[in-house]
Amino acid sequence: MKHPSSRQFFAYWDAKRGHARAPDRSEIEPGAVRELLGDIFVLGYENESGFPFRVAGTRVCALLGRDVKDTSFSALFAPESRREIEDVVTYVAEEMLAAIAGVTATSADGRTAHLELLLLPFNNRAHAPISLTGLLAPFEGDLGALRDFKLTSWRYLHRPEKLVPRALRKLALARGFMVYEGITGR
């Protein structure tokens, strides 16, 4: 992580999760990261809607030139980067691994802006919508509204030694309900 805001938010998230793969959303206290709130956002895990923003800080909205609540996160990205960012968001949400990415965007006057994107999962709970949080921090100031975001690099942080396959984790969420293939209830 290059941006100090990313390092600070990751350290807070990491402390909150303890030995778990991710903290519960309710464990993140806005007052504890007050100076970062402008750069923080929360996404809903809804692939068909492009991972809509549920909450976005004032600096995130300023960088995008509008209030982004309920708008598509993946639609911010240029077509050549859209599938890749959707894959990264999916992996963060489903495998509960943090990710850090380098991003470029184009300002209104045609300049290239450089940003750092941090994506952090929340603990998935049965019967609750899946969401994740993140931070978008520019390296330059006075950029105005940005467009055509592109991923330049990305990596996952602190990969656990053993991943739980998605299918097994989804079965574990069912808690007590078991489907036995090949047996009918006649």
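**Ground rules**

I number residues from 1 along each chain as its sequence is written, and my side-chain values use heavy atoms, with hydrogens and water left out. The model is predicted, and local features need pLDDT of at least 70, side-chain atom pairs count only at pLDDT 80 or more, and totals for chains, interfaces and linings use all residues.

**Entry 1: the sheet**

I began with the strands. Helices (H or I, at least four residues) and strands (E, at least two) are DSSP runs, numbered from the N terminus. Two strands pair if DSSP finds at least two bridges between them.

In what order do the strands of the open sheet lie? I read S2-S1-S5-S4-S3-S6, six strands with antiparallel pairing. The edge strands are S2 (53-56) and S6 (146-157), and each pairs on one side only. Neighbouring strands are turned by 25 degrees against each other on average, direction ignored. For such angles, axes are lines fitted to C-alpha atoms, for helices over the stretch in contact, and angles run from 0 to 180 degrees between N-to-C directions.

Next I looked up the pairings. S3 (residues 98-107) and S4 are antiparallel and share eight bridges. Ala99 has Leu119 in S4 as its bridge partner. S4 (residues 112-121) joins S5 through seven bridges, again antiparallel. There, Pro121 stands opposite Leu132 in S5. S1 (residues 40-44) runs antiparallel to S5, with five bridges between them. One of the paired residues is Gly44, whose partner in S5 is Ser131.

**Entry 2: strand S5 and Ser131**

Is S5 buried or exposed? Buried means under 20% relative accessible area, exposed over 50%, partly exposed in between (1.4 Å probe, protein chains only). Seven of the eight residues of S5 (residues 131-138) are buried, so the strand is largely enclosed by the rest of the structure.

I then picked out Ser131, which lies in S5. Ser131 is buried, at 11% relative accessible area. Which residues does Ser131 contact, leaving aside neighbours within four places in sequence? I found Arg25, Val42, Leu43, Tyr45 and Phe122. Contact means heavy atoms within 4.5 Å.

**Entry 3: the helices**

Helix H1 (residues 4-17) lies across S1, S3, S4, S5 and S6. H1 runs at about 0 degrees to S4. Helix H3 (residues 79-95) lies across S3, S4, S5 and S6, and runs at about 40 degrees to S6.

I checked the span of H3. Its 17 residues reach 25 Å from first C-alpha to last, close to the 24 Å expected at 1.5 Å a residue. The expected span is 1.5 Å times one less than the number of residues. Buried residues in H3 include Ile85, Val88, Val89 and Val92. Glu86, Glu94 and Glu95 are also among them. Met96 follows H3 and has a positive phi, near 50 degrees.

**Entry 4: aromatic pairs**

Rings of Phe, Tyr and Trp (its six-membered ring) pair if their centres lie within 6.5 Å; planes under 30 degrees apart count as stacked, over 60 as edge-to-face and the rest as tilted. I count nine aromatic pairs by this rule.

The ring centres of Tyr91 and Tyr156 are 4.7 Å apart and their planes stand at 45 degrees, so this pair is tilted. Tyr91 lies in H3 and Tyr156 in S6, so the pair ties together parts 65 residues apart in sequence. Tyr156 is buried, at 18% relative accessibility. The rings of Trp154 and Tyr156 have centres 5.2 Å apart and planes at 70 degrees, so they are edge-to-face. Trp154 is partly exposed, at 36%. Elsewhere, ring pairs link Phe41, Phe53, Phe73, Phe77 and Phe149 into a cluster.

**Entry 5: salt bridges**

How many salt bridges does the structure hold? I noted eight. A salt bridge is a side-chain nitrogen of Lys or Arg within 4 Å of a carboxyl oxygen of Asp or Glu.

- Arg17 meets Asp14 at 2.6 Å, N to O. They are three residues apart in H1, about one helical turn. Arg17 is buried at 16%, whereas Asp14 is partly exposed at 26%.
- Arg83 and Asp87 have their closest N and O atoms 3.4 Å apart. Both lie in H3, four residues apart. Arg83 is exposed at 54%, and Asp87 is partly exposed at 37%.
- Arg111 meets Asp109 at 3.0 Å, N to O. Arg111 is partly exposed at 39%, and Asp109 is exposed at 52%.

Last, I noted that salt bridges with shared partners join Glu46, Arg54 and Asp70 into one network.
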